[in-house]
Structures are given as C-alpha cells and as structure tokens.
Amino acid sequence: MTYFIDRRPNAKHKSAVNRQRFLERYRKHIKRSVEEAVNRRSITDMERGEKISIPAKDISEPVFQHGPGGARNIVSPGNKEFVAGDKIRRPSGQGGGSGAGEGGASNQGEGVDEFAFTLSREEFLEFVFDGLELPHLQRKPLKSLEEVKMVRAGLSKDGVPSRISITRSMREAYARRIAMRAPIKRALKEAHEALEAEERKDPVLRNPARIAELKTEIERLEKRIAGVPFIDTYDLRYHQLSAQPQPSNQAVMFCVMDVSGSMTQNHKDIAKRFFLLLYLFLEKHYEKVELVFVRHHTAAREVSEEEFFYSRETGGTIVSSALNLVNKIIEKRYPVGQWNLYVAQASDGDNWDDDSNICRDLLIKQLMPQLQYYAYVEITPHDHQSLWHEYASVVKEFPERFAMRQIIEAGDIYPVFRELFKRRLSQS
Amino acid sequence: MSATRKRKPIATGSDWNFNLLERFDAELARLADEYRLDTYPNQIEVITTEQMMDAYASVGMPVGYHHWSFGKQFLAVEGAYKRGQMGLAYELVINSDPCIAYLMEENTLMMQVLVMAHACYGHNSFFKGNYLFRTWTDASSIVDYLVFARKYIAQCEERHGVQAVEQLLDACHALQNYGVDRYKRPSPISAEEEAKRQDEREAYLQTQVNMLWRTIPEPLTGESSLPGSLHNANDDDPLGLHSGGLYPSEPQENLLYFIEKNAPLLAPWQREIVRIVRKLAQYFYPQRQTQVMNEGWACFWHYTLMNRLYDDGNVDEGLMLEFLQSHAAVINQPAFDSPHFSGINPYALGFAIFMDIKRICENPTDEDREWFPDVAGTPWRETVEFAMRNFKDESFIQQFLSPKVMRDHKLFLVVDDDQLEALEVAAIHNEQGYRQVREALATQYALSVREPNIQVVEAAIRGDRSLTLHHVQDNRRPLGRSVYPVIRHLQQLWGFPVHLVSMEEGQVTRRFHWPVEDDNHAS
C-alpha cells in the first residue's frame, strides 16, 4: 500500500522560526560581525549577505563524551603494509590522530573552531539597520499630494463609448423592456379574452363590429410591443473612474559633495560610504529611490556617479552654489508633492568666508521647508569653521529634520550614521 | 537469459512524474512481495530542496517543536549544501506507520526509484522487523506524539516565556543520550494516552516528589544529622522507604527519568518537557544502535530490487548505469590514509556483510563452513531475515563479520595507548587476527563504549540535597571537556549541587563539581 503526496506547495520556511531563534540567541555575535563587515566592505558591496562566524565553543550543545587520553582500540580499513606488532609513530597534533575513525560522535568537540553560516542580504541589512528609523518616515501628508491614481468608482450614465459596461447596459435595457411592455401585454391579454368571449357566443348573438374592433385593437397592441426598442440610449451605463490621491512612495536623494582641492580621495571614500548607507536605508523604505549627484568647488555641477566619486578637481569652495543647484533641480524635476526629498552633504568644512551665511539663509528659507531630511557630515579632524557654525543655527530652526555630525575616519561612519538616524525616542 | 528477453522499460530518460513513480512503486511492491519483505504502508512525499533541508535540520522529525538548535542545524546544512560540500538527501525516511519517505523534486527518475527501493522497502522493513525498533518504538503513534509535544511546548512558551522553555530544553538536550533504560523494557509512547493523562500525571508526579522530599528534616543542625534522629522521622515514612541506605537504592542510568521523577524544584510543566525529550530520545535510541545494519539492509535491498527491475526488463541500460554509479559512490570505503577518509562507512560495511551472508548461504567455501557452520548452505532469504530481526550493530558484527569481508576491507586493529610512545598494530586481516579484529570492531559499535558510562548513585535526600553521579571509566579514557557545561545543565535541572566522580576499578580518578567547589571541601 503506497500513498504519494505532493508536499511541494506546502508551507515553505518551516525552519524559519528556528532560524530566527538562532539569530536571536546569537544576536550579539552577529551584530559584531555585521558592524565589522560594514566598515570593511568595499562600497559597492553592501548588496549581499555576510558570512558570520561564531566560535564553536559558544555555540556547542554539550553532551558527555570521551576526551583524549587513555587506551583505545581502533579498527580501520585499507591496510596496506602493516602486520601485527608494527609500531606506528603517533601522528602529531590533532588529538586522536588521523587513524581515529571512531565511526561515531566522540572527540569532535575540539576539532571545529568556528561555526560559520551565511546571513541572507535581507537579514544582513536588517542587522545593519537594526534600531534605526528613517527620519520622518510618514508618507507625505495627503493634502499636499498632487499625485493621483485613477480607480474605478461605480457607474454613470455618461461616458465615452470605450468605457461602456455591456452587462450593466444590457441589464438596464432588459429592465426597461419589461417595464414598457407590461401594460401593453396586459391590455393585449384583455383584448384576446374579450375576443374569445365574443367568438364563443352563439353566432346569432355575435357583434361583428365588436369583433372587428377587437381585432384591430389586438393588431395595434402587437405592433406597439414590437415597437419597444431592444436597447435605448437611456440604457447605456459607463464605468466611471475617479481620481484618488496617492501617498508618494518615491524618494530622491541628493548627494552633495565638496570636491575642492582640500578633499582627498580618502575623504571621498568616507563620504561615499555615508551616501551608500543612506541610499540603502532609503531603498528599504521606498519603492523607488533616485539619486542625484551634485558636486561643487566654486561652481556646482550635476554629474554621474562615477564622476562624482572619482574625478579630480581643484579650486576654492563655494557651498551655496551647490545648494542653489539642488534647489533648481527640485523645482524642475522633483515637485515636492510627488517626491520625498532627502539631501546628504559631505564636506571637509572649508567654505568661502562670506558664503556660509548665504548657505544658512538658503537652507532656512528655501530648501528646508521642502525637504524630509538634511544630513550633513563634516570629514575633518580639525576645528570647525564658519560653515559648521552657520549650520548649527539651521539645526536650531529644524531640530527634527536637519542633522550634522563630524567624522574623523572611516570607522566612524557607521556609528555616526546610526546616531543620525537612531529612533527618535528621547528627542523632541 | 534475461538479456535475450525483449526489454520493455517502464520509462526512459531522467524525467519523472507521479504516474511513473506509481508504476515503479507497483513494480517494486510486487518484487518486495515476492521476496516476502514485511513493510508498513508507504507514504511517499515529494518535497523541495528547502523542505529537505528543513527535514534534515529537525533530525527527520516530520513535526518538531521549536528550538534554536534546529535553526543552527538548518544553517549548517544549508551552508554545506550551498558550498557543494554535501549532496542532499539520498534518502530520508521516518520510522512511522505509515512509513514516511521523502523524494526530492530535483532527483532524476533513477534517483527516485532508487530511493523508493532503499527507503520504502529497505528501511521500512527494517523498522518493522528489527527487535530494537519493535521493543522501543511504536511506529503508529510517533507522529501523533510529535504533534502533542509541539503543541505542549508551544503552550509552555506562551505561558512561561520562550526563554524559560529554551533553557530547559538546552539542559534536557545535553542529557538526552542518558534518557533510556538500557535493560528495562519500556512502555511504548502513545499520544492519545499522553494527552489524556497528562493533567492527572502532573498532579500525581508532584505528590510523588513531595512525598519523597517531605521526609527531609530541617537543614542540618548539629544533632539532627545524627543517625539516631533519623528514626524519629518515621511518622512521615511508616514503611521506612526512605530511612537508611542510599537513595536511589540502586544506581540509575536513566538520568532524565530520574530527574523527571525526583528533581525537587521542577514545576509540573517542566517535568512534562523533561519527559518529552526523554520519550523522543527513546524513539531515536534504536537508530543509534543499528546504523550499520539498517543502512546495510537498505543497500542490500535496493541493490537486489534494482537488479531485478533490470532483469525483468523494466528499466533500460542507461538507468542501470546511472544506478550503478550512484550505488558505487554510496558504498565506497576510502582507506584510512585517504584524504576522504572519515571513519568506517556504515553503508559499505553493512552492505558487504549482508551480501556476504547471501554468498555464504549460496556458495560457501571451506573457510565459511568452518566459521559459519549454521549459515553455510541455508536458504539465504531466511538467513538475512534472521540477521536483520535479531541483532544490533554490536552483536551483528560479532556474529556475521566474515574473514572474507575483513580481507576485502583490509581491516586492521590499532591500539592507541597514551602511555606508550607509539601506536601499535595489534591485529590485521589474517588467520591470527580475524577474531581480534572482529571483536574490536563489534565493541567499537557498542553504545556503552562509544558513550561514557554515567549513573546516578545518590541523591542526598536527608542532607544538602546534592546529587552524586559516578562515571565508570575504562581504559583510562577520561571525560571530555564538555563535562562542565553538561553538569551545569544537570545542576539547573536538579536545583542543588551536583557531584560527578570518575572511577576506575574502584579508584577515584577525578571529581567534578557544579557549582565549582574549593578543593579542600572534597571529601
């Protein structure tokens, strides 16, 4: 007796709970590995899982077992030249030796040092962003939304032919036909009955005029029934669409970077990681994320990603040129109603002396009201200059949405990023 | 003879479908019937790779309770599989009635047929016939019991928190190899009864424990610890069950059972979970002792049945070649000095022994007549059935490992004594060595040798409530380093200090304590 069962459509991820329990139990180990990985990894490389190793002793499930030592007998296959009484030098190292084929579970405890496994990309990012919250995650409030989506909203009597609802139109027509024919049919039935009654009478008593009259009446009524139209303009029904405002699920992220002579490649690499983290972060929360790269020295330019990070420029620094350009791009391509706007700026803190307060005004008056969030990182071991101080006054105006931090070396990025985006519980 | 018959294979190529599987199964069933293989009904489940890894991770339990260690197992299996270090699922079959076997969807047609022959007729008949399985497991109720266990543990997690349950399971798992009475016939597990009587038992168990511990006088205060004062406690113990002598009166090897019944501080639900782990350990107990036999038997039958399929013209040469290649890989035994060596391959050894029994029955040599006078020349089908039914690995090897198999495998015995400078080859596959090699190999498969022999000898019910265990050491083989984490788990279950004493020939060789004590306290 045999039954075949196809289990393939059944619940997948049966072990998901156990896997989660495992990850939860070793959370600390895994987090440490993930943080190291974020600092170590090349920039384009975040989009994959991570191999995690946990010391085997932390993870072992102990049972009573024999340790090395004492005397034991070992039977092994594949003898070639040994005869009874031969002495073999003890294989050095690895307790038990290569001949120890115990066919079982003994002394494995010491052999394996690391338990290694792979986190999936999702799990990896989950750990990277663990405890972080996207600033102002709420979708853009509905009232300011311009983006709409057409959804079906019932039926109407007017419309274009392409949206005719045939079933509903036919149903209307059918109803109308029943309604219009009913009184005529009733009259017709009465006429027939009268005619029959007349004809059943004794021939002497019949009234030929009455019969003729009834016959013409019947004929007239039958014509009227035939005249009821099969379908009429009144019957037509059209699907109706109505415009429904949509919460915006797309974001654009402006990467703004100073590429003046004072920014070294090292600075840029640090900045790049910061941008990358932000990008991954946004990508997790929005269906669509666009990137705009704006770099500047004394003048700002929108460039490709490649150019943004790797081409060299020299010259002075005017930050406001970049902010102006961002503003222009927003006006032209990313209407506030449809896009969630984020700006991330990296710089070494240098700016043309008179320019910093221009930047501040530009931010407070024009940019900040439109933005979801503005993050500024200053990559410098030195003291802050005027730009930092001016920005500090922007923070006062927009404490929820404007953040700035200082980064000294690559290892700082992740903590700074975490700090910038940590769940805002204590704030406000 | 058969080659001349016109071959009409059921199918060609490597694609399978349910229709084909059914036809092959019908054919295999017919052959199994002809060979009088007694099996449970088969339930063959087709599953995906991922489901197979799930099944692996839960040690083949079709329904498992949740525990992180299964997640760890899953990650390990998944990792090995993805790196290509491990082929998945030659077979996975569950000792249940009906007997559940898994076929992976990626397998070729040949693989599916092979797995059906191996698992659904080989292992299946082993589960039904072997005395250990008959004694220790109840195939008809295991799935129900697993469902019960999963539900119960899930309820406990809800009521007492995931962490509390997890810690308890960790501790039980550490001791699960010591959850079996080796010399006592167990009562089979029955899910229905478990569920029905569980409440009753909870209450009953607790009163038992209370009875036991009620006889404890107040914590030792001078005089009351004198022997004389013990007799005054007799009001609580009129039968004198607990006065005088050790408790337990005889050493207990079933540690989990002892904990379940006697641990003073466990709550009823905790006792129930200890019991669940113990019952599952009991279910797996026969498998741990019949690896060689079980795999050997299954290989023997898949080999026999596949050849019959070919002889009857039901499969073509292509499928047969693919089968032989796969079969050769399964029963391959690398030599001890090969980089691929990882111990004795139970498939290879078991297959060789069963094939050799058949050979001895059909074409005995003079050597066979001398070594196996009872076997040589008997009908092979009855003899292999006898061997399958009445032995475990240890006794099976002792009884049936022939000089020919030892020669074929070139088995040799090495003595590894840490007091000697070098390893010594004690015996090899020759006239002088056969018996010694066979004896040593059989012992190598004895559970009592593979696992340290540890027993409860005393629970200090009138003293500090500490628990003392003895490790009976032989050949100076000490306990491994894992001993401390394990006795820590034991101490968590027991609730009071735990002492473990290693003894060899009446001499104490080492003491372990948890919580760790100062040395001067050791008595």
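Predicted model: local features only at pLDDT ≥ 70, side-chain atom pairs only at ≥ 80, totals over all residues.
I will start with the chains one by one. Chain A has 428 residues, and 29% of them are buried. Its secondary structure comes to 12 helices and 13 strands. Chain B has 523 residues, of which 44% count as buried. There the secondary structure is 21 helices and 9 strands.

There is also a figure for how far along the chain the contacts reach. In chain A, take the contacts with a separation of 6 or more: residues 24 or more positions apart account for 83% of them. In chain B, among contacts between residues at least 6 apart in sequence, 72% join residues at least 24 apart.

Next, the sheet in chain A. Please find strands S8 to S13 on the screen. Six strands form an open sheet, and from one side to the other the order is S10-S9-S8-S11-S12-S13. The pairing in this sheet is mixed. Which strands are at the edges? They are S10, residues 300–303, and S13, residues 402–407, and each pairs on one side only. On average, neighbouring strands are turned by 20° against each other, with direction ignored.

S12(A), residues 373–379, runs parallel to S13(A), and 6 bridges join the two. Within that pair, Tyr376(A) stands opposite Met404(A) of S13(A). A helix also packs on the sheet: H9 of chain A, residues 319–333. This helix touches S8, S9, S10 and S11, and its direction makes about 145° with that of S9(A).

One residue of this sheet is worth a stop. Val252(A) has its place in strand S8 of chain A. Is Val252(A) buried or exposed? The residue has 22 C-beta neighbours inside 10 Å, and the cut-off for buried is 20 or more, so Val252(A) counts as buried. Setting aside neighbours within four places in sequence, its contacts are Glu290(A), Val292(A), Tyr334(A), Trp339(A) and Leu341(A). The C-alpha atom of Val252(A) is also 9.6 Å from that of Tyr279(A), which is 27 residues away along the chain.

Another strand pair in chain A is S2, residues 50–55, with S5(A). These two are antiparallel and share 6 bridges. Ser53(A) has Ala116(A) of S5(A) as its bridge partner. In a regular strand the side chains alternate between the two faces of the sheet. Strand S5 of chain A, residues 114–119, has a covered face made of Phe115(A), Phe117(A) and Leu119(A). Its uncovered face holds Glu114(A), Ala116(A) and Thr118(A).

Now to where the chains meet. S3 of chain A, residues 71–76, is antiparallel to S4 of chain B, residues 412–417, over 6 bridges. In this pair Ser76(A) is bridged to Phe412(B).

Inside chain B, I will show one helix pair. H7(B), residues 162–174, and H21(B), residues 483–494, pack at about 125° with their axes 9 Å apart. The two helices are therefore oblique to each other. Their crossing is left-handed. H7(B) contributes Asp170(B), Ala171(B) and Ala174(B), while H21(B) contributes Val486(B), His489(B), Gln492(B) and Leu493(B). The classes here are 4 nonpolar, 2 polar and 1 charged.

Last, some backbone details. Most residues other than glycine have a negative phi, and most peptide bonds are trans. Chain B has exceptions to both. The bond between Asp97(B) and Pro98(B) is cis, with omega about 0°. Pro98(B) is in the loop between strands S2 and S3 of chain B. Trp514(B) to Pro515(B) is also a cis bond, with omega near 0°. Pro515(B) lies in the segment after strand S9 of chain B.

For positive phi, Arg36(B) has about 55°. Arg36(B) sits in the loop between helix H1 and strand S1 of chain B, and counts as exposed because it has 10 C-beta neighbours inside 10 Å. Arg465(B) has a phi near 65° and lies in the loop between strands S6 and S7 of chain B. With 17 C-beta neighbours inside 10 Å, Arg465(B) counts as partly exposed.

Technical notes:
Residues numbered from 1 in each chain as written. Chains lettered and ligands numbered in written order. Axes fitted to C-alpha atoms, helices over the stretch in contact; angles between N-to-C directions. Helix = DSSP H or I, 4+ residues; strand = E, 2+ residues; numbered from the N terminus. Parallel < 35°, antiparallel > 145°, perpendicular 65-115°, else oblique. Left-handed = near helix turned anticlockwise from the far one by under 90°. Contact = placed C-beta atoms within 7 Å. Nonpolar A, V, L, I, M, F, W, Y, C, P; charged D, E, K, R; others polar. Pairing = 2+ DSSP bridges. Buried ≥ 20, exposed ≤ 12 C-beta atoms within 10 Å, placed from the backbone.
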